[in-house]
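Visitor: I have a two-chain model open and would like to learn how to read its features. Could you walk me through it?

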Amino acid sequence: MNLLIVDDEAPARDRLRRLLEEIGDCQTIAEAVNGEEALAYCSDQQPDVVLLDVRMPGLSGIEVARHIDTLPDPPAVIFTTAYDQYAVEAFETEAVGYLLKPVRKEKLAHALRHAARISPSRLVKVAQSARIEHRREQICARLGDQLRLIPLTDIFYFLADQKYVTVRHKGGESLIDESLKSLAEEFSGDFVRIHRNALVAEKQISAVERTDDGRYVVRVRECSDVLEVSRRHAAELLRRIRGEN
Amino acid sequence: MPANLGGNRSTGFFLPDFCSATVVFAVVLIAELVAIIFAVARASLHQNFWIDLAACSLLLLWMGLGCAAVLCRARPRLQHMPPQRAGLIALALLVATVGVISELVFQVGRVWSEGMTDLNTIFPVDHAGFLLRNLAVGFIVSALALRYFYVSAEWKRSIEMEALARIRALQARIRPHFLFNSMNTIAALTRSNPGRAEQAVEDLADLFRASLSEADSMISLRQELEIARTHQRIEQLRLGDRFHVDWDVDELPPRAAVPGLIVQPLLENAVYHGIEMLPAGGTVTIKGRVVDRLVEIEVRNPIPLQNGYSEREGNRMALENIRQRLELAWPGRARIETRQEAGEFSARLIFPYAEGNEATGE
């Protein structure tokens with residue numbers, strides 16, 4: 001079994017490594033000190049199990065898990081936490097594997113035997129009830145085998161076609177494997193739905209114009225794209241940009 | 001002066017100490033007031049209001065001071081009885097005192113006015129009536145007074161309890177997050193570096209002793225800063241190079257009295273919301289000085305850019321907690337100021353410089 005330990009604290013990583021070595025049956029044990037490193041490692045090396053600290057600087061453990069989940073063959077994830085009342089409650093209700101630090105060897109062995117991939121929907125629920133980072137600050141897109149993090153502030157809009165969602169951002173366009181509906185819910189504060197297939201960053205709306213045939217379109221500030229506004233979403237959009245809610 | 005936030009804690013007994021000057025003075029005052037009430041009420045029956053007032057005052061002062069003396073002597077014994085029995089015995093003692101003094105006054109009056117034909121004397125003439133009236137009034141007034149003492153003592157006690165409970169609730173608690181992370185660090189160090197593990201256990205014990213100590217006790221600033229340094233040592237093991245503290249506290253008076261745990265929680269917050277959330281970590285600056293007999297201690301730390309640091313529940317609660325405890329120690333004379341600029345948070349404690357008697361010099 002190939003393992004990845006993700007924790008920003010050296011003593012915590014040392015201890016997990018030692019326990020894993022005592023348990024045996026691990027071929028490689030790698031370490032990552034933050035979420036970005038963990039994601040880079042996961043897309044390169046495909047570990048079987050990731051031991052993931054919940055509270056880390058930058059990307060939180062739950063964010064990392066959500067990004068990991070978009071990999072073609074995602075590893076199993078076991079969360080580790082010293083104390084995080086809400087997260088632990090969420091892990092319990094969603095039956096997500098977790099370990100409390102200081103970790104006991106028997107519990108670690110047990111968790112490794114039962115480690116399983118966590119479905120995206122359960123992760124969303126965990127993120128919501130854990131009250132930590134309800135919303136991600138980056139979106140994770142795949143470029144071939146590589147994972148790429150796009151800061152939310154760089155994103156102009158999301159556009160859905162039949163199968164994928166396209167992210168239009170400062171660095172160009174990327175495909176992601178998420179539904180527009182869940183994106184709209186997660187980022188409802190900064191993004192506004194203008195069409196069944198389009199979600200636009202409110203700050204990126206430079207103008208809402210009315211065309212000759214009575215429909216509305218949105219001009220995007222930094223890429224000068226023009227997006228169609230559906231009749232159904234027009235009222236909501238106008239209310240939002242007039243600051244009425 | 002601020003050595004005890006709880007004020008004079010009552011011994012729990014409802015009768016005040018009748019031997020003390022203030023209570024004796026109160027008794028004199030009350031006796032006079034009652035005398036005035038009597039004199040005013042009887043003004044139409046007597047030719048001379050002032051003579052009636054004087055006579056009444058004389059009698060009531062004797063009774064009041066006599067009762068005070070009796071209660072002064074009886075209090076140590078009553079104190080150990082259940083309040084109801086103590087109340088009944090005190091009532092009996094008071095009525096008896098009133099009776100004895102009335103009898104004495106009557107006898108003195110009889111001897112005094114012997115041979116005098118003037119019936120318009122200030123001394124009573126009707127023996128049985130005088131005694132009975134005084135006993136009845138004495139009984140009623142004593143019962144009312146005892147009841148009043150009881151109720152006000154209960155009221156005072158409940159207020160004290162409430163204040164103490166409030167301070168207890170306010171007392172900064174070590175975050176569970178910190179406790180469990182420290183435990184984890186110690187678990188890791190026990191094998192790799194037993195010496196450090198041992199020191200970490202000692203430091204953790206010191207921190208908990210400080211947080212479990214008397215809720216309203218004041219400690220010296222030196223002790224408080226030592227607690228903060230202990231906290232730093234433990235976090236250092238966990239965070240390593242990511243955590244630095246820049247201590248600039250040489251100007252601070254080590255003997256200044258402070259409520260326990262006012263600086264340490266600021267450092268804990270700086271780590272929990274700041275340093276720990278930054279991938280590269282950072283430096284916490286603790287700077288102290290004295291300006292115009294006011295002690296100023298500032299704790300400054302870097303924070304992640306996109307987060308509502310000061311609005312975070314945990315941080316706000318800790319700051320509010322410190323603010324209230326400063327307020328309890330120095331009402332209206334101490335404050336905590338916070339400031340958040342891009343990527344930096346600072347909290348500044350400002351309180352009067354007062355030296356306390358250092359409780360325990362290590």
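Guide: Gladly, and please keep in mind that this is a predicted model. Let us begin with a strand pair: β9(A) and strand β10 (residues 172-176) of chain A run antiparallel and are joined by five bridges. One bridge to look for pairs H169(A) with G172(A) in β10(A).

Visitor: How many residues does the hairpin from β9(A) to β10(A) pass through?

Guide: Two residues link β9(A) to β10(A) in that hairpin. L159(A) has T166(A) of β9(A) as its bridge partner, and the hairpin from β8(A) to β9(A) goes through four residues.

Visitor: Why is strand β9 of chain A called largely enclosed?

Guide: Burial is read by counting neighbours, and a residue is buried if 20 or more other C-beta atoms lie within 10 Å of its own. In strand β9 (residues 165-169) of chain A, four of the five residues are buried, so the strand is largely enclosed by the rest of the structure. For chain A as a whole, 39% of the 245 residues are buried.

Visitor: What holds a sheet together in general, and which strand order does the parallel sheet of chain A have?

Guide: Strands of a sheet pair through backbone hydrogen bonds, in either a parallel or an antiparallel sense. Chain A has an open sheet of five strands, ordered β2-β1-β3-β4-β5, with parallel pairing. At its edges stand β2 (28-32) and β5 (98-100) of chain A; each has a single partner strand, so one side of each is left without a neighbour in the sheet. From one strand to the next, the twist averages 20°. Inside this sheet, strand β1 (residues 2-6) and strand β3 (residues 49-53) of chain A pair in the parallel sense over four bridges, and L3(A) has V49(A) as its bridge partner in β3(A).

Visitor: What is the pairing in the five-stranded sheet of chain B?

Guide: The pairing there is mixed, in an open sheet with the order β2-β4-β5-β7-β6 (chain B). Its edge strands, β2 (243-248) and β6 (335-341) of chain B, each pair on one side only. Neighbouring strands are turned by 15° against each other on average, direction ignored. For a parallel pair, look at β2(B) and strand β4 (residues 282-291) of chain B, joined by six bridges; D248(B) has K287(B) of β4(B) as its bridge partner. Helix α8 (residues 264-274) of chain B packs on this sheet, where it touches β2, β4, β5 (294-302) and β7 (344-352) of chain B, and its direction makes about 15° with that of β5(B).

Visitor: At what angle do helices α5 and α6 of chain B pack?

Guide: Helix α5 (residues 176-192) and helix α6 (residues 194-212) of chain B pack at about 155°, their axes 7 Å apart. Angles over 145 degrees count as roughly antiparallel, which means that α5(B) is roughly antiparallel to α6(B). The crossing of the two is left-handed. Among the residues making the contact are I186(B) and L189(B) of α5(B), together with A197(B) and L204(B) of α6(B). By type, the residues of this contact divide into seven nonpolar, three polar and one charged.

Visitor: Is S224(A), with its positive phi, buried or exposed?

Guide: S224(A) is exposed, with 8 other C-beta atoms within 10 Å. Its phi is about 50° although S224(A) is not a glycine, and S224(A) lies in the loop between β14 (216-220) and β15 (226-229) of chain A. In chain B, D292(B) has a positive phi near 50° and is not a glycine either. D292(B) is in the loop between β4 and β5 of chain B and is exposed, with 7 other C-beta atoms within 10 Å.

Visitor: How many residues of each chain are in contact with the other?

Guide: On chain A there are 15, in contact with 21 residues of chain B. The chain A side of that contact divides into seven nonpolar, two polar and six charged residues.

Methods
Residues numbered from 1 in each chain as written. Chains lettered and ligands numbered in written order. Predicted model: local features only at pLDDT ≥ 70, side-chain atom pairs only at ≥ 80, totals over all residues. Pairing = 2+ DSSP bridges. Axes fitted to C-alpha atoms, helices over the stretch in contact; angles between N-to-C directions. Contact = placed C-beta atoms within 7 Å. Nonpolar A, V, L, I, M, F, W, Y, C, P; charged D, E, K, R; others polar. Parallel < 35°, antiparallel > 145°, perpendicular 65-115°, else oblique. Left-handed = near helix turned anticlockwise from the far one by under 90°. Buried ≥ 20, exposed ≤ 12 C-beta atoms within 10 Å, placed from the backbone.
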